[in-house]
Amino acid sequence: MESSFYLVKNDEEKTDTHNSEYREIMSTLPKAKDYSNYGQDLYQYQGFWYIIPFLEGVLSAQNNFMARSNDIIVASFMKTGTTWLKALAFAIVTRASFDLDSANPLLKKVPHDCIPFLEYDLAKDSSNRDLTNPLVSTHMPYTSLPKSIVDCGCKIIYIWRDPKDVFISMWFFLAKVLMPMGVKPDPLEEAFEMFCKGFTYLGPYWDHILGYWEAKQKFPEKMLFLKYEEMKKDTSSYVKKLAEFMGYPFSLEEEEEGVLEHIINLCSFENLSNLEVNKTGKHRENTSKAMDNQVFFRKGKTGDWENHLTPEMGARLDEIMRQKLTGSGLANY
């Protein structure tokens with residue numbers, strides 16, 4: 001989960017969370033075991049599963065976040081290309097404010113520190129933000145978004161990805177986060193079973209996708225629905241589409257001067273993963289939720305699942321997705 005994966009790191013934090021203003025709501029929710037084997041329960045809220053710290057952020061955001069009409073929401077399930085999309089969106093929106101070669105914040109910060117995260121940064125106070133930056137990121141399902149986002153009609157960008165690669169990326173991400181704490185994720189086969197059953201953080205994955213897809217059918221002018229694999233194949237066309245949708249189109253002069261290609265190169269996996277800040281820096285440094293920036297970068301490739309799942313496992317997940325998406329009109333799976 002690329003934006004921010006919140007782990008309760010000690011008993012004091014866990015106690016503080018359970019004593020939050022939302023403990024009464026949480027006490028009534030269905031529970032399941034998190035396959036990360038971290039010892040935290042998953043709580044089902046409005047059809048999706050959360051660990052307590054993240055659920056607290058969702059509830060707080062629903063109660064407190066006040067969207068602006070010019071906001072642009074960058075939404076995603078975990079490990080679907082969030083880091084890349086956030087980098088591209090930020091570089092596009094701020095290109096007139098920063099020199100792409102030397103002054104862009106992406107050269108000094110991980111993309112997740114460049115765009116506020118709804119469930120954490122803005123959950124309790126949406127006024128404490130840079131008014132020149134319209135971008136807000138979230139992992140929340142569409143049906144759980146704060147009412148103000150839907151009511152004000154702000155734009156929403158959603159990215160999804162082949163579930164087989166999503167699962168593998170999630171599994172390795174959790175391993176990177178948990179191993180330094182002396183905790184091992186469940187074996188891949190057991191984790192896969194839970195993913196297929198929908199018992200996973202923010203899952204079921206297919207319901208997360210469908211929520212945003214159905215919203216796009218209702219509000220086509222307000223929703224941009226992207227697929228990671230298609231963006232990888234034709235990055236230039238999709239970056240232009242992204243810029244136009246957000247209201248920051250590239251001029252002919254900019255394209256001739258190479259601004260489009262410059263942004264694509266700046267935000268590429270190869271460039272971002274090799275920046276010193278993303279090799280040695282920390283996301284949310286000096287907080288209890290700090291983690292190494294390097295955990296957000298693994299391979300950035302499509303089809304890596306074939307190196308870790310059997311063909312039978314891949315076929316099983318494909319069939320689940322086909323069944324879940326049947327009748328939705330969502331093509332290109």
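Modeller: Let us begin with Asn 104, which touches Phe 90, Ala 91, Thr 94, Phe 98, Asp 99 and Leu 266, leaving aside residues up to four places away in sequence. Contact here means heavy atoms within 4.5 Å. The model is predicted, with local features requiring pLDDT of at least 70 and side-chain atom pairs pLDDT 80 or more, while totals for chains, interfaces and linings use all residues. Residues are numbered from 1 along each chain as its sequence is written, and side-chain values use heavy atoms, with hydrogens and water left out.

Colleague: Where is Asn 104 found?

Modeller: Asn 104 sits in the loop between α4 (82-93) and β5 (135-138). The helix and strand labels are DSSP runs numbered from the N terminus, with H or I of at least four residues for helices and E of at least two for strands.

Colleague: Does Asn 104 count as buried or exposed?

Modeller: Asn 104 counts as buried, because its relative accessibility is 0%. Buried means under 20% relative accessible area, exposed means over 50%, and partly exposed lies in between, using a 1.4 Å probe and protein chains only.

Colleague: Which backbone nitrogen lies 2.9 Å from a polar atom of its side chain?

Modeller: That of Leu 106 lies 2.9 Å from a polar side-chain atom of Asn 104. A polar contact is a pair of N or O atoms within 3.5 Å; within protein, one must be able to donate a hydrogen and the other to accept it, and residues adjacent in sequence count only if both atoms are side-chain atoms.

Colleague: Stepping back, how many helices and strands does the chain have?

Modeller: There are 15 helices and 9 strands. Of the 333 residues, 57% count as buried. Among contacts between residues at least 6 apart in sequence, 74% join residues at least 24 apart.

Colleague: Which residues have the most contacts inside the largest nonpolar core?

Modeller: They are Ile 149, Ile 156, Phe 167, Tyr 205 and Tyr 212, in a core of 65 residues. Helix α8 (residues 205-218) supplies the largest share of this core, 7 residues. Another core, of 36 residues, lies apart from it and includes Leu 135, Leu 226, Phe 245 and Cys 267. A nonpolar core is a set of buried Ala, Val, Leu, Ile, Met, Phe, Trp, Tyr and Cys residues joined through side-chain atoms within 4.5 Å.

Colleague: And Met 223, what does it touch?

Modeller: Not counting residues up to four places away in sequence, Met 223 touches Ile 156, Tyr 212, Ala 215, Lys 216 and Phe 245. Met 223 lies in strand β7 (residues 223-227) and is buried at 3% relative accessibility. Its C-alpha atom is separated by 9.9 Å from that of Ile 72, 151 residues apart along the chain.

Colleague: Now the stretch after α7. Where is the cis peptide bond?

Modeller: The cis bond joins Gly 203 and Pro 204, with omega about 5 degrees. Pro 204 lies in the loop between α7 (188-196) and α8. Leu 202 lies in the loop between α7 and α8 too; its phi is near 75 degrees, a positive value in a residue other than glycine. Leu 202 is buried, with a relative accessible area of 0%.

Colleague: Which residues of α7 are buried?

Modeller: Leu 188, Ala 191, Phe 192, Phe 195 and Cys 196 are the buried residues of α7. Seen down the axis, they fall within an arc of 135 degrees, so they line one face of the helix. The arc is taken over the directions from the helix axis to the C-beta atoms.

Colleague: Last topic, α15. How far apart are its end C-alpha atoms?

Modeller: They are 21 Å apart, which agrees with the 21 Å that the 15 residues of α15 (residues 311-325) should span at 1.5 Å a residue. The expected span is 1.5 Å times one less than the number of residues. Met 313, Gly 314, Leu 317, Asp 318, Ile 320, Met 321 and Leu 325 are buried in α15. Those buried residues fall within an arc of 160 degrees down the axis of α15, so they line one face of the helix.

Colleague: Which exposed residues does the face turned away carry?

Modeller: The face of α15 turned away from its buried side carries Pro 311, Glu 312 and Gln 323. Following α15 is Gly 327, with a positive phi near 90 degrees.
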